[in-house]
Amino acid sequence: MGFFSKSFDKLKGALKKTADVLNTDVRTLFVPGRQIDDAWLDEFESKFIRGDIGVKRVEELKGAIREQWRLGKIRNANEAEEIVRKKLLSFFPAEDRELHFVPSGPTVILVAGINGAGKTTSISKLAWLLKNEYQKKVMVCASDTFRAAAVDQLTIWAERIGVEIVKHKMGSDPAAVAYDACEAAKARNIDVLIVDTAGRLHTQDHLMRELTKIRDVVAKRIEGAPQVSMLVLDATSGQNAIAQAQHFTKAININGIFLAKLDGTAKGGVVVAIRDQLGIPIKFMGLGETPQDIETFDPERFITALFGEKEPTAK
Ligand SMILES: Nc1nc2c(ncn2[C@@H]2O[C@H](COP(=O)(O)OP(=O)(O)O)[C@@H](O)[C@H]2O)c(=O)[nH]1
Ligand SMILES: [Mg+2]
């Protein structure tokens, strides 16, 4: 409970910018006393489009309000807020956002994304969470051998968090590091192995193939692995993030999104757009630069954080 409420406060804090935009921008739509009419519906549309939710979804929201209004079921703008909240929630289908651990042997999380998306930082968050909240024995694998700084960065986090690390020299074959990490994880009874990889662009064919090769090595060493192929996306990069994702999915069958840097954007609506266009569950959110700045994604809590706590309506 403590963890939940503490991190919920953090979520609200981190989404403050987003919430501020909604408060100053969108929330003025819903103040009691305002009446729904065509001008109000137009204002609703333009304000929601600015939140990066995506035009199609904004039209759906607007349509739902208009229908209720035409039927005479609602008249006041504040009555529309409940429709919007419910509808936003319906944009997130019931889907599996949990991490599942195999009963025996290591569960492997393979992490990919473009340069600077937040992969290594997000790995430190996952390692922290898995160790401290799930009581798992965690190992990280430094398969980003492209830059010496990348190995150092992961080493520092691993030491601070207190998890094991497998690494080679800079420039060595990333698949060979993954091979060693898999063997070490099995030998040392590791519960979760998290594999860091170098940033790459979808246009870099050889690097995309290298990613597939890392995946194949992991699959060969540990049956059923990697159970999670996680794509780290930078929430501040909007539509670009969505374009990248499609290519990564081709290389390694992405089945989870880690949405980093949600604290840095005033357009939290991008969460809706990403879920819509990718059809892949968002599992975690990054809300800052330290290992503790992680939150599991839950649509209901997310929408509450965006709109602010709903006061119980007197009926
Ligand atoms: N504000 C904020 N910064 C982040 C977050 N995740 C990563 N960063 C920063 O983004 C930069 C790139 O992160 P890094 O993990 O090295 O990216 P990588 O190249 O994908 O491994 C670093 O300065 C991180 O501190 C986040 O959730 N919020
Ligand atoms: Mg990195």
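A crossing of two helices is left-handed if the near helix is turned anticlockwise from the far one by less than a right angle, and right-handed if clockwise. The structure above is a predicted model, in which local features need pLDDT of at least 70, side-chain atom pairs count only at pLDDT 80 or more, and totals for chains, interfaces and linings use all residues. Residues are numbered from 1 along each chain as its sequence is written, while chains are lettered from A and ligands numbered from 1 in the order in which they are written.

The chain holds 12 helices and 8 strands. Helices (H or I, at least four residues) and strands (E, at least two) are DSSP runs, numbered from the N terminus. Of its 315 residues, 44% count as buried. A residue is buried if 20 or more other C-beta atoms lie within 10 Å of its own, exposed if 12 or fewer, and partly exposed in between, with C-beta atoms placed from the backbone. Two residues are in contact if their C-beta atoms, placed in that way, lie within 7 Å. Among contacts between residues at least 6 apart in sequence, 75% join residues at least 24 apart.

Helix pairs come next. Two packed helices are described by the angle between their axes and the distance between the axes. The axes are lines fitted to C-alpha atoms, for helices over the stretch in contact, and angles run from 0 to 180 degrees between N-to-C directions. Angles under 35 degrees count as roughly parallel, over 145 as roughly antiparallel, 65 to 115 as roughly perpendicular and the rest as oblique.

Helix α3 (residues 38-49) and helix α4 (residues 55-70) have axes that come within 10 Å and cross at roughly 150°. The angle therefore makes α3 roughly antiparallel to α4, and their crossing is right-handed. On the α3 side the contact is made by L41, F44, E45, F48 and I49, and on the α4 side by V55, V58, L61, K62, I65 and R66. These residues divide into 8 nonpolar, no polar and 3 charged. Here Ala, Val, Leu, Ile, Met, Phe, Trp, Tyr, Cys and Pro count as nonpolar, Asp, Glu, Lys and Arg as charged, and the others, Gly among them, as polar.

Helix α8 (residues 174-187) and helix α9 (residues 205-221) cross at roughly 20°, with axes that come within 9 Å. This angle makes α8 roughly parallel to α9. The crossing of α8 and α9 is right-handed. From α8, the residues P174, A175, A178, Y179, C182 and E183 take part in the contact, and from α9, E210, K213, I214, V217, V218 and R221. By class, the contact of α8 with α9 has 8 nonpolar, no polar and 4 charged residues.

For helix α10 (residues 238-252) and helix α11 (residues 270-278), the axes come within 10 Å and cross at roughly 25°, so α10 is roughly parallel to α11. Their crossing is right-handed. G238, A241, I242 and A245 of α10 meet V270, A273, I274, Q277 and L278 of α11, and this contact divides into 7 nonpolar, 2 polar and no charged residues.

A112, in strand β1 (residues 107-112), is buried because it has 27 C-beta neighbours inside 10 Å. Its C-alpha atom is 8.1 Å from that of L211, 99 residues away along the chain. Not counting residues up to four places away in sequence, A112 touches T197, L211, L231, F248 and I252.

I194 lies in strand β4 (residues 192-197) and is buried, with 29 other C-beta atoms within 10 Å. The C-alpha atoms of I194 and L110, 84 residues apart along the chain, are separated by 6.0 Å. Leaving aside neighbours within four places in sequence, the contacts of I194 include I109, V111, I123 and V140.

Ligand 1 is surrounded by 19 residues, of which G118, K119, T120, T121 and G286 are the closest. A residue counts as near a molecule if its C-beta atom, placed from the backbone, lies within 6 Å of it. Helix α6 (residues 119-132) gives the largest share of this shell, 3 residues. The shell has 4 nonpolar, 10 polar and 5 charged residues.

Some backbone features remain. Most residues other than glycine have a negative phi, and most peptide bonds are trans. The peptide bond from A225 to P226 is cis, with omega near -10°. N253, not a glycine, has a positive phi of about 55°, and K261, also not a glycine, has a positive phi of about 65°.
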